[in-house]
Structure formats: C-alpha cells, structure tokens
Amino acid sequence: MTTLRLLLGDQLHDGHSWFADVDDRVVYVMMEMRQETDYVLHHAQKVIAVFAAMRAFADRLRARGHRVHYLRIGDRRNTQDLEGNLRALFAFHLARRFEYQAPDEWRLDDQLDRFARTLPIPVQRVDTEHFLCAREDAQTFFGEGRWLLERFYRWMRQRHRVLVDARGRPVGGRWNYDEENRSAWKGVPPEPPDARVRHDHTALWQEIRAAGVRTFGEPCAARLPWPRDRDEALADLRDFVANRLPFFGTFQDAMHGDATRLFHSLLSFALNVKLLSPREVIDAAVQAFADGRVGIAACEGFVRQILGWREYVRGYYWSVMPGYADRNAFGHATPLPAWFWTGDTRMQCLRSSLRQSLDHAHAHHIQRLMVIGNFALLAGIDPHALHQWYLGVYIDAFEWVELPNTLGLSQYADGGRLASKPYVSSSGYMHRMSDYCGRCAYDRRKHSTADACPFNALYWDFFARHRAALAANPRLRPTYRQLDHKQPDMPAIRARAADLVARLEDL
C-alpha cells in the first residue's frame, strides 16, 4: 500500500510532521519541470537556486532514511508536466494513496485540486505547517471591512505574543517605529561584508541549459550565494542578526549605488522555499532585542515585515484569487521598455536598481516599490507585464507574495483595495533616500526641459490624468492642492510627459 507524497520546490520544510517517522511505504516525490521553469521567464539564479535547494533537500531526506523519487530536469522519463509525471509515478510505484501539501500559488492549488478529483485512489491535502496563520484568517479577521495592515499586525503581535507584555500592550510603548526607520545612508556605518557561502553550480547550470530552459539575468553559476540547505540558511540568519539587524531599521528605506545590500537580511528566498520558518526568524530578532544587542526600532521594523506584511499579503492573495492578475484600474497598457531586461537607461536610479536585479536576482523593497514600480506606474506600464517581470526576476518572488505587492501595492491596479494611495514620487524622494541623483544624466531640479528628471513631469502628469479617480482620496488632498498651484506650468509639464512616454526606449 504505497503512498506517494508530493513535495513542490518551495516546500523544503524538514520540520514538517510528515518527516517525524520513517515509513518504507511512503515515497516522497520531487520534480524539476519545464512546467515550473517556463510559465514565466525566470532569472537564471532563481532556477539554479531552487533546483539546488531541492536536490539538497532530497539528499537530506534520504540520509534520514526516507524514500525519495527525484526527477531531474534532464531525466528522459520526465514528462516536464506535473500531472504527467504523477500518473507515471503512480504506475511505477503501484501507489494506492496520494498526499500533497497545500501549494502557496493558486494555479498549482487549482491544478492539483482538479487532478485529485480524477484519481481513483484516496487523496489527502495537508498544511505546509509554515505560516503563522491560515489562508483564510485575514479574510475572517477583516470580514466586510477595509483591509488595514496596522490592525492586522497588532492582532498578530497579540495572538503570537511577540513584543508585547503580559497584558498584550506593545513593548516600548508603541506598536510601530516606522517614522524612525527612514534615514538615508551616507557610508556610516560601513556595509558589513557578505558572509554567505558561495556554491559552484556550473554542472547544474549546464543541465538546465541542455534541457532547453530559457532564462535571463546573470547566472553566477560558479559562485552562487543563495543558501542550498537549512544549515546555510540558519548561518545566514545568525549573520544578519549579529551584523545587520542593529542598523536595519534606521536604513531599511535607504538606497546607494555602491552598496547593493546595506543592512537587509536577504532571508526571503530561504523563507519562501521554507528552509527557514517565520517564527524562528522573528524569535531570533526578538531575542537579540531582549539581550540588548538590537534596539526596539530595528527589531520592530523587521518583525513588522515578517509577522505583519508577509502574513497580511498572503491572506490578501487568497482573498482575491483567481483573476487578480487581470486587474488594471487605470487601464495602463504601455509595454515594458527593453531596458528592463538590460538596465541600459540613463536614469541612474533605474539603471542601478535594474542592473542590481539582473546581476543578483534581488533588489530591496524600496528599489522595487519606489524606483522600478514608481516609474512603471507613472509611465503607464501594463501592470500584468510588470507582474510577470517581477515574478521572473526576483529570487524570492512566488506569486502569493509577488502579485499583491506588484498589482496592489506598487501599481494600484486593484483601485486601492490593498494600498491606501498610489506609491509614487517625483525626484525629491530619490534625492532624499539615495545618492542616485548626483550620478544621473538628468537634472532632478527641472521639470519640463529636455534634461529634466523624467520622474518630475511623469509625477504631475499622472495626478492630472487620474484626477477623477484620485482627487477624493484624503491622503492626496495636499498633492492636488500643489497641482492646482502648478496650473500655469502644466501644459509644458504634460507635453514633456507625453514625449517621455513616446520615447521610453531612449531614456
């Protein structure tokens, strides 16, 4: 009575209850598939890192005595399709039962649900035992009311007893220290060295290429820095807490052309493939605060991202699927410029952020939101095309977390259900939070001339174009008062914006 248990590439949680006992009647099935490499064009490092982590996880299970059937990308018996592989494996192992962990992406959840209904054998779906609340918990919490992160975050803090006292009040007297976490970085303290282990995945990269998988970006196959297993992920967590977390809060929104990482954790890949659990990451930060190694603002700012935003976004994703990827409240349809794939633009902020993304498969949240996403929204880029680019380029991008961040937070494509206002800015924000403007071919102080920073004209044109949809938003009243004062200059500004959009490829 063999049972097949499916493990997807982002289900590498070796603390799962499945693995508590060794049972020779259970076969764990893992697959590298073109179905998963090809549904969007992925960054080379993402494909390599996921496959490397999957292979290491399979070896770990075997070492503990579990039976594993692993299909590599180049195996001749690999149908490159989830259902085709499963049917073949059912026959090969004479399986009489099928079990799988609930996928985090709607497309896979739907595919496996429909597939399970066709099977003549018992099927069981179990939880991944990773997240701190169930899929539906956020929807139940908000009911028919407005989704607000702060309400959810405070509820989660109290529910999980994180940074609260015995009466459920916030440690330090405040729930949120975001106002203290918005400093630009001027080179002090210095960016800590990158202590991550580097791997030579040249042979794996050759397998991927031989299988015909198309990718983009720098593969870095001979010195890939992303963790291959849980031990390396835990080492990365310890290094972050010791050397970066003390300054994370202060500089979490800062950008700098000479420092690609600054004080960010780079733990999101390990979290999202489940090499790390959110609880142990949160506990490590809280313990550092309790020991006096980290201040409350730094600790709380990091905890808010994991306990608050990450869980909130997942709940939001399951409340709006399917069909969310088709949202386009502003009707934006401009294609992605070719320089999204090369970084070859004269705008320094975009050049730096895009090249970092292409070289490292990573950029931090402000580069994603307030540089790349900001420009895309102002320029009227097709939000679905941008979603596919974000989903492919970033090492930590899985649809449950990427889609709400792109369509909802970054592009306001859901009309404001997730974000309370569009996250856009002119050159002022870039100048305040980075050193990009001092290196740029464009002048941040100008608006409508040929050498003016494109963000300036696009910013005011955006609010002029969408006045009917946005002017009633209380958070935007000061913006529209400023726009009214600019009316004498608006013909030139809007002409400049139209010219910029018409020749995006040349910027």
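Lys-46 sits over the face of Phe-398, 5.3 Å from the ring centre. Arg-368 does likewise with Tyr-394, at 3.9 Å from the ring centre. The rule for a charge over a ring is NZ of Lys or CZ of Arg within 6 Å of the ring centre and within 35 degrees of the ring normal.

A word on the source. This is a predicted model, where local features need pLDDT of at least 70 and side-chain atom pairs count only at pLDDT 80 or more, while totals for chains, interfaces and linings use all residues. Residues are numbered from 1 along each chain as its sequence is written, and side-chain values use heavy atoms, with hydrogens and water left out.

Next, rings against rings. Rings of Phe, Tyr and Trp (its six-membered ring) pair if their centres lie within 6.5 Å; planes under 30 degrees apart are stacked, over 60 edge-to-face, the rest tilted. That gives 41 aromatic pairs. One of them is Phe-98 with Phe-115, edge-to-face, 6.3 Å centre to centre and 80 degrees between the planes. This pair links distant parts of the chain, 17 residues apart: Phe-98 is in strand 5 (residues 95-101) and Phe-115 in helix 4 (residues 106-116); helices (H or I, at least four residues) and strands (E, at least two) are DSSP runs, numbered from the N terminus. Phe-98 is buried, at 0% relative accessible area, and Phe-115 is buried at 2%. Buried means under 20%, exposed over 50%, partly exposed in between, with a 1.4 Å probe and protein chains only.

Tyr-316 and Tyr-324 also pair edge-to-face, 5.6 Å centre to centre with 85 degrees between the planes. Both belong to a cluster linked by ring pairs, whose members include Trp-147, Trp-155 and Trp-309.
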